Amino acid sequence: MSYDLHTLRGDVSGGVTAAAVSITPAATFGVVSGLGAASGIYGALAVGFFVGIFERSRPQMGSVSAVLAVAMAAVVATHAETPAEAFTVVILAGVIQLVLSLLRIGSYVTYTPYSVIAGFTSGIGVMMVLSLANSFLGEPVKITKPLNAIQKWPDALEALNASALIIGLVALAVALLWPKRLRRFLPAMVAALLVGTLLNIVWLSDVPTLEGIPRSLPDLQRPELSLGFLAGAVVPALTIALLSTVRGLLGALAVDAQTRTQLDPDKGLLGTGIGNVAAGLIGGLPGSPTFLSSILAWRMGARTPISPIVRSLTLLVLVLGLAPLLAYVPHAALAGILTVTGWQLIDWRFLARLRRVQREHLLIMLTTLGITIFVDLVTAVAVGLIVAGMIGARQFERLQLDSVISVPLLDQIFLHEHSAESYGISPYSARTGIVKLRGSFTVASSSKLIRTIGDDIVGHQVVILDFSETDHIDDSAALVIEQLIDTATENEVHCIVLALDGAPAATLTSLNALRRIPSEHLVGTLDEAQDITRRLLVDDPDRERPPPLAEPE
């Protein structure tokens, strides 16, 4: 598209508007993380800039979020003793995202089971709602484990700050009741913060407020690069990278649906990774592409990557110019806003269907939820993914084994013009079995594949392994098939391989899994398999045939 004054006007308008609605949440989430309001603003600035410049098809805004802020609070509490170590985790998370992008596997992160996502986001929501109760009573905003927060309730009630309680309740009411028709011009979160701040300025001034927002450019942080710390930082960094990637890709897909555009997920992840590395270097929180700011900028006329650049520059100007005013923002007002955010993070839609959810998915969700609440978010995500992988493998096992068909074949179907009686064979004799392997077979089903069809193979004299409907075989399943063939050979059972072709043939051949199958037993059609079976059972010259049955008188 040609760039003209009209396009520039839309980009500037969209960028300035996105910056105006981003500064308050960014500062708020910085407080939630325990690293200070400035860290949230610096993270929004760095991530937003690099997410924007790496996307060419449309403007894409990036910022920090409640989920990542609480995740960083967990990192600060359990994995980092200093801010430098916390920001090193952010840098390492960005590096992990860069690797995922360069390997072009970033979009696979969106395959994280929904039950895991529902579990940890709901756990974060519960943590926020219970922890923020203390901030309504006069304490600074801090997200802790629910049990720790509940234990502090008696002390907080004893030291109740009535002014903080009034400001918090008013901010909560504004956030909940702000008219929808006004939200297009002034988001409910910003309105609640403004009202709470005005109450602090003109009336209720004896409450904790934001502090430590500098009026200067951010300083470069020196990462902690000791091997001991980096070894322990890998797991929290992976968790941050996972959360950032999932939220970013899902947010970008939502924007795609609204704008009828299509982003490259790996390119988007590249911008997010660089943005998170930059955020860590300047003391900022990790972030990801965001839906709300991107849609708002689009509706204001933004159409090119110039808009995210304008947004980042405007955000920088705002923080440098408005730092003194942000010092009047009361923690109680932040508590009112964040309580609404935490409540919305709880996946009520999923929880309302608990009775109907499959037991496996319910187990994953409750496991992740419980560990998030009672242990920490990093452990919850790791354990949730492990449990989901194990349960998913079990489900794949059932699906794959259901695709295995093993049936006996009567000898008489191989005799053509002769009757079974003329060969001295019972009409009901079935010394041949056919095993049809349909669909895909992976490590999920390999352990039970032997038990499922092993007895059928040993119970016959000839077994036809039919691969005509096999789509995929991984290495584990291929080695199990080799083991089945070895078992058959040791029990003097002849194996015939039917219609093996394509990717399954390549896998079995590369592993030399068919080395004990005679080349003449590798056939392409069922007629060829029947001819070989007849020779093995009936026409074998070394076979001693019984005399024909006597004709009945």
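1. A word on the model: it is predicted, so local features need pLDDT of at least 70 and side-chain atom pairs count only at pLDDT 80 or more, while totals for chains, interfaces and linings use all residues. Residues are numbered from 1 along each chain as its sequence is written, and side-chain values use heavy atoms, leaving out hydrogens and water.

2. How far apart are the end C-alpha atoms of α9? They sit 21 Å apart, which agrees with the 21 Å that its 15 residues should span at 1.5 Å a residue (the rule is 1.5 Å times one less than the number of residues).

3. Ile166, Leu198, Ile201, Val202, Trp203, Leu322, Leu325 and Tyr328 make a nonpolar patch of about 820 Å². Patch members have over 30% relative accessible area and no salt bridge, with nonpolar side chains (Val, Leu, Ile, Met, Phe, Trp, Tyr) joined within 5 Å and like charges within 9 Å. A salt bridge is a Lys or Arg side-chain nitrogen within 4 Å of an Asp or Glu carboxyl oxygen; accessible areas come from the Shrake-Rupley method with a 1.4 Å probe, and for residues only the protein chains shown count as cover. α9 gives the most, three residues.

4. Tyr328 is in the loop between α13 and α14 (331-345). Tyr328 counts as partly exposed because its relative accessibility is 43%, between the buried limit and the exposed one (over 50%).

Technical notes: Helices (H or I, at least four residues) and strands (E, at least two) are DSSP runs, numbered from the N terminus. Buried means under 20% relative accessible area, exposed over 50%, partly exposed in between (1.4 Å probe, protein chains only).
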